[in-house]
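Here are my notes for your first look through this one. Keep the viewer open and go point by point.

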Amino acid sequence: MSSSQDKHLSIMRVSHQYHLMIKACAGLGALEDGRLVHKQLIQSGFESDVFVGSSLVDMYAKCGSIKDAWRVFNKMSSRNVVTWTAMILGHVKCGQGQKALELYEQMQQEGVQPDSVTFVGVLNACASLAALKEGRCVHQQIVECGWDADVFVGNSLVDMYAKCGSMEDAWRVFNKMPSRDVVTWTAMILGYCGNIEDAWRVFNKMPLRNVVTWNAMVLGHVKCGQGQEALKLFQQMQQEGVQPNSVTFVVVLNACASMIALEEGRCVHQHIIRCGWDSDVFVGSSLVDMYAKCGSMEDAWSVFNKMPSRDVVTWTTILGGCAMHGHGKEALKHFERMCEEGVQPDDVTFICLLSACSHAGLVGEGMHCYASMVKDYMISAKLEHYTCMVDLLGRAGHLQEAENMVMAMPCKPHVAVWMALLSACRIHGHVEMAERIAKQILEMEPDNAAVYVLLSDIYAAGGNKHLCQTIEQQRKEKGVKKQPGHTWIEVNNEVHTFVVDDQDHPQMPEIHAELQRLSGHMHDAGYRPCKKFIVHDVDEEEKVFHLCHHSEKLAIAFGLINSAPGTTLRIRKNLRVCEDCHTSTKFISKIAGRTIMVRDANRFHHFEDGMCSCRDYW
C-alpha cells in the first residue's frame, strides 16, 4: 500500500472518529461537549470535510442551537443532501417551519436531490404550519421522485394532510400505501381527534394496536372534552395488556386536569409510581400541572419538591399554578429560586410570571419583570406578554397606560389584547373607552359575542337600560350567539353538568329546596343580590330568581346535598364567575362550613369561612 493510500485511510479513520463523537453529542443533547469537539476539528483542519461538517450541522440542530448550525453551514465549501436535511430538520424542531420550507426550496435550486428523510422533514414543516397548498406540492414531488411507496414518507403524508385538516387526502394516501404500520394507523386516529366516531372506525379496523395507538385515542377524547371517556380508555388499555408509557400518563393527567378530577388524578399518580415513571421530568411536570388545575397546590408543591431534576417546563408549570391560584408573591419568590438554580427562563415562563402579578395586583413587580425579560434575558415581547401587561395595568385601574401600551406595540394588536382592555373597562366602568375598543374588536371579529356581553354589562352597571337594549338588539340582528354558561361538578366519581335555569337534572326539586334554605340564611347574614348587570326588563323579584338559578349555584347546591359534611366541593365553569355568584359563594362557604373551589375561565377561587382567596380582585 502506498504512502498516499495510508494517508487517505488515516484521514478517513480520523474523520469517522470525529463523526462518531459528534453523533454521540447529538444523541445526548450535549451542546457544550459538541462545541469542544468542534474546536478540536478546527485545530485539526477537518471542519471543511463535508462528512464531518454535515455531522456538526446535525448535532447543533438537534441540540437546538440553530445559530451554531448556520455558522458551520455557511463555511462549508460543499453541501450534500445530509447537510441540507439536517438544517431543515433543525428548523422544524425549533418551530421555524417557514424557514425550513425556504431551505428546502434553496436546496433544490442548488441541484441537491431530496431523499426520504428530507421529505419527512419538509412534510413535518408543512404540518406545523397547516400549509396544505405547499404540502400538496411536496406530495407531487414525492411521487415524481418515487418515494411515495416508502412507509415513513407515507406516514408523514398522512400526518401532514390530517394536521392540515384534509382527511380526504389523508384517506387517499392511506388507501394507496402498499404497507401500513402502527404509525400510519395512529396518524389517521390523531387526524380524527375532532371526530371521535371516525377515530373509532379506524381504531376498530386496526390489525394491531400498540401503546401509541391507545395514546392517540385517549388524546382524541381529551381534545374533544370527553375526559371521563379518556379515563375509561386508559383502564381498557391496561385490561388488554398494553403497558402505558410516559406519553400515556401525560395525556391521562391532562384528562384529570380538564375535569378537576382530583381523586382520579391521585390514582393515576399511584400508578405512575408503580410503573417507575415518577422520576421522568415530563410526567413530573404533568403531575404538577394536574394538581394545580385540580385546585391542590399542596400536592403540586409536594411533587415539584420531590422531582430529581427540574427543567424550564417544570418551573414554568409551577409558576403557572401560582398564577392560577393568585399566589403572585410566591411566583416571584420561586422565579428567583429558579434563576439561582441556573434554569434559564423562556417566553412562556414570563407569561406565567406576568399573569401571576396581574391576578395579585402586583403592578410594580409586573412592570419590573417585563423590563427584565427584555433587557436581562433578551426575550422579545410577544402578543401574550402584551396581553398580560394590558391586563395587569387595566385591572389595577391604569386604563390610559394600558391603552398607550397597546398603541405602542410594534406589531398589530391581537383581539386578545383589546379584550383584556375591554374587560378592564367593565371592571372600572369606563364607557367611552369601552365603546371605542368594542368598535375596534368588532372590525376584526364581527362575530365576537363576548364584546356584546361586556359592553352590555358596562351599560347595565351605569344604569343605561336603553343602550343595553340597543346593543342586545344589534347582537341578535347580526346573528351573534352568546356562549352559554356551563358548570361542572364531580361527585362520587360522576361528573354533573348544569346550565342557568336548569330543569333537566333529576334532583332539581331537592336542589331548589337547598337553594331556598341557603337563601334565607344568606339574607339573615347580610347578603344582598347584585342585580346591576341584569339587562332583562323584568321586576326585582324575577331578577333575584334569575340570579338564584345561575349554573354555579345549582352545582354548589347539588354538591352540598350529595356529599358528606366537610367535603371540599370542586367546581369548574367555562366563563368568568359573575359578581353575584362570587358574593353568594362566600356566604355559602361560611353557612355550610365547606371549602368551595371554583375554577372559572381565568383563575381559581378558594372560598372558605366567608372569604375568597382572590380578595375580590379578579
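1. Start with the rings. Rings of Phe, Tyr and Trp (for Trp, its six-membered ring) pair if their centres lie within 6.5 Å; planes under 30 degrees apart count as stacked, over 60 as edge-to-face and the rest as tilted. By that rule the structure holds 13 aromatic pairs. In one of them, Trp 171 and Phe 174 have ring centres 5.1 Å apart and planes at 90°, so this pair is edge-to-face. Both residues belong to helix H10 (residues 167-176), and being three residues apart there, they are separated by about one helical turn. Trp 171 and Phe 174 are both buried, where buried means under 20% relative accessible area, exposed over 50% and partly exposed in between (1.4 Å probe, protein chains only).

2. Before going on, a word on what you're looking at. This is a predicted model, in which local features need pLDDT of at least 70 and side-chain atom pairs count only at pLDDT 80 or more, while totals for chains, interfaces and linings use all residues. Residues are numbered from 1 along each chain as its sequence is written, and side-chain values use heavy atoms, with hydrogens and water left out. As for the element names, helices (H or I, at least four residues) and strands (E, at least two) are DSSP runs, numbered from the N terminus.

3. Another ring pair worth a click is Phe 234 with Phe 249: the centres are 6.0 Å apart and the planes at 70°, so it is edge-to-face. This pair links distant parts of the chain, with Phe 234 in helix H14 (residues 227-239) and Phe 249 in helix H15 (residues 246-259), 15 residues apart. Phe 234 and Phe 249 are both buried. Elsewhere, ring pairs tie Trp 70, Phe 73 and Trp 84 into a cluster.

4. Which rings have an arginine over them? Phe 304 has Arg 310 over its face, at 4.5 Å from the ring centre. Trp 488 has the charged end of Arg 572 over its ring, 4.3 Å from the centre. The test is that NZ of Lys or CZ of Arg is within 6 Å of the ring centre and within 35 degrees of the ring normal.

5. On domains: the protein is divided into domain 1 (403-482) and domain 2 (486-612), with bounds that come from an automatic or database domain assignment. Their C-alpha centres lie 27 Å apart.

6. Next, have a look at helix H25 (residues 415-428). At 1.5 Å a residue its 14 residues should span 20 Å, and the end C-alpha atoms are 20 Å apart, which agrees; the expected span is 1.5 Å times one less than the number of residues. Of the 14 residues in H25, 10 are buried, so the helix is largely enclosed by the rest of the structure. Among the buried ones are Trp 418, Met 419, Cys 425 and Arg 426. Their cover includes helix H23 (383-395), helix H24 (399-407), helix H26 (431-444) and helix H27 (449-461). After H25 comes Gly 429, with a positive phi near 65°.

7. Glu 403 sits in helix H24. Is this residue buried or exposed? At 8% relative accessibility, Glu 403 counts as buried. Setting aside neighbours within four places in sequence, Glu 403 is in contact (heavy atoms within 4.5 Å) with Leu 421, Met 433 and Arg 436.

8. Now the strands, which pair if DSSP finds at least two bridges between them. Strand E5 (residues 604-608) has four of its five residues buried. E5 pairs with strand E4 (residues 596-599) in the antiparallel sense over four bridges, and Met 597 stands opposite His 606. E4 and E5 form a hairpin with four residues between them. E5 is also joined by two bridges to strand E6 (residues 611-612), again antiparallel, and Phe 607 has Cys 612 as its bridge partner there. Two residues lie between the strands of the E5 and E6 hairpin, where Asp 609 takes a positive phi near 50°.

9. Last, some backbone angles. Most residues other than glycine have a negative phi. Ile 260, not a glycine, has a positive phi of about 55°. Ile 260 is in the loop between H15 and helix H16 (262-275) and, at 4% relative accessibility, counts as buried. Asp 616 likewise has a positive phi, of about 60°. Asp 616 is found in the segment after E6 and counts as partly exposed, at 43% relative accessibility.
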